[in-house]
Amino acid sequence: MNNVAKEINATDKTKIKPTYLILGSGSFGFALAKELRELDKELIIVDKDAQKVETLREEAYEAMVGDVSDPNLFDTINTKNLAGILILSSDPKANKIALKNIKEKVSPDIYSVVRAPDVINMQEMETLGADLVIMPPRMVAKSLSRSLERAEAMRRGNKLTQWFETNKGKKLGIVVHDNPDPDAISSALALKTIASSFNVLADIIYHGEIGHQENKAFVNLLGIDLYRSEDVGFANYENLALVDCSMPGANNSLSLDTHVNIIIDHHPLPDADIDADFIDIRPHVGASATILTKYLQELNIDIDSELATALLYGIRTDTLDFKRNTDSADLSAASYLYPLSDHDILEQLERPSMSIETLDVLGEAINSRQVIGSYLLSNVGSIRNRDTLPQAADYLLNLEGISTSIVFGVTEDKIYISGRSNDIRVNLGDVMKRAFGEDAGGGHATAAAAQIPLGVFSASKDRQTLLRLVNEAVVKRFLAAVGVEEADE
């Protein structure tokens, strides 16, 4: 068995991203492969030209040498987790043979796309059972990738439906990340609505505080029911879901060894195995609320004004009004939700009052700023509400000459760090992981955070010394992660 096949078998247990098998990597097949990779799909490419396969591997594609018409080809590929097979060679005879082999040896139901040079061949391939027949240049790669997206959405919707159908009458606990924001809360509310449509009783559970003024107004104005994790017992729920986070115990109130049944998130994948009955993680999408909106559409579930308002606001806040980490799916979801939303409530949410603590932290962030090149770091000292940190980081990013802002503060037992960046050379989520550890930091390219336990230092009675040590450690680690010497100040 070749290396590609071994790698496929090794990852068979937990396939998060849909995998497509492309047979034939001519100009059309390669163009489609590029489109699918941009959509964060897993690909396996087969071509009989060894030199072409080598070139594909150099560009980080999984590729193997093989003849698309070889009846033994599929003996070397684990086809169990394939979402679809695309037969794209320029030889129509070979494509027909490949299609017959797929229907006989792989599955008669697997989604198959076949390339044909003309209408006659197209009709023959449809008779052989092709789900979609394309005739370049009539169909461009982007149109095909959208078709695959729709088919994939249907499969995901069917799988989620099946899960709920088999769990009717059971109680579902929907857990969001600590100190939840509108994206997490609205996504959980959408999943609760889906659960209700299947007669599954669900509660939304959180830990920490809803401290940001906008977030408090969001929950109060829309009348969203939330339960603190301290007030409920997880043992009272037969099933658990994680929304807007993907690992038990990572910025949520679940213990590390908790089995989670449903995971829906849009943050980059952690470097750890994820185990659940249903997993949908889409890092290219700007908000989890976008993913849940698509499920509501796919399952034809009515969206009332409160839910539409919540989801739209969740998408807008997590994408910074479509200026940060925004995908076409976010725009499409927002367009769908906009006419269903309560715009009076949206206007109230956009004009919340600022608390005295937020104003104090913002003032401290300005006064304590350290500027090294285009990086600004600010230690605001002791804090009660960590939601003040991202507000300060957002504000400081507007200062002239600043491309990345990092604001951090200390509670009784942790250091909280929040960052914002508009520097295209910096992936802030990766920087946070390098600086403070895989388990402590993470996020997106333009918005990220970290939290570090104080450990033995939490018992320190000398608060000023503690804050000074924290400042030195955070600044040193961050600058080392971005490759900047502190002496450059």
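1. A quick definition to start: helices and strands here are DSSP runs, numbered from the N terminus. Please keep in mind that this is a predicted model.

2. Let's begin with the sheet. Six strands make up an open sheet, ordered S9-S8-S7-S10-S11-S12, with parallel pairing. Strand S9 (227-228) and strand S12 (278-281) are at the edges with a single partner strand each, so one side of each has no neighbour in the sheet.

3. Are its residues buried or exposed? S8 is mostly covered, with 5 of its 5 residues buried.

4. S8 is joined to S9 by 2 bridges, and Tyr-206 stands opposite Arg-228 in S9. Towards S7 there are 4 bridges, again with the strands running parallel, and here Ile-174 stands opposite Ile-204 in S8. From S7 the chain passes through H7 to reach S8, a β-α-β crossover that is right-handed.

5. Further along the sheet, S10 (residues 239-243) and S11 (residues 262-265) run parallel and are joined by 3 bridges. Leu-242 has Ile-263 in S11 as its bridge partner.

6. Finally, the helices. Helix H7 (residues 182-197) packs on the sheet, where it touches strand S7 (172-176), strand S8 (202-206), S10 and S11. The direction of H7 makes about 165 degrees with that of S7. Helix H9 (residues 288-298) lies across S11 and S12, and runs at about 120 degrees to S11.

Terms used:
Residues are numbered from 1 along each chain as its sequence is written. This is a predicted model: local features need pLDDT of at least 70, side-chain atom pairs count only at pLDDT 80 or more; totals for chains, interfaces and linings use all residues. Side-chain values use heavy atoms; hydrogens and water are left out. Two strands pair if DSSP finds at least two bridges between them. Contact means heavy atoms within 4.5 Å. Axes are lines fitted to C-alpha atoms, for helices over the stretch in contact, and angles run from 0 to 180 degrees between N-to-C directions. Buried means under 20% relative accessible area, exposed over 50%, partly exposed in between (1.4 Å probe, protein chains only). A crossover is right-handed if, with the strands pointing away from the viewer, the path from the first strand over the helix to the second runs clockwise.
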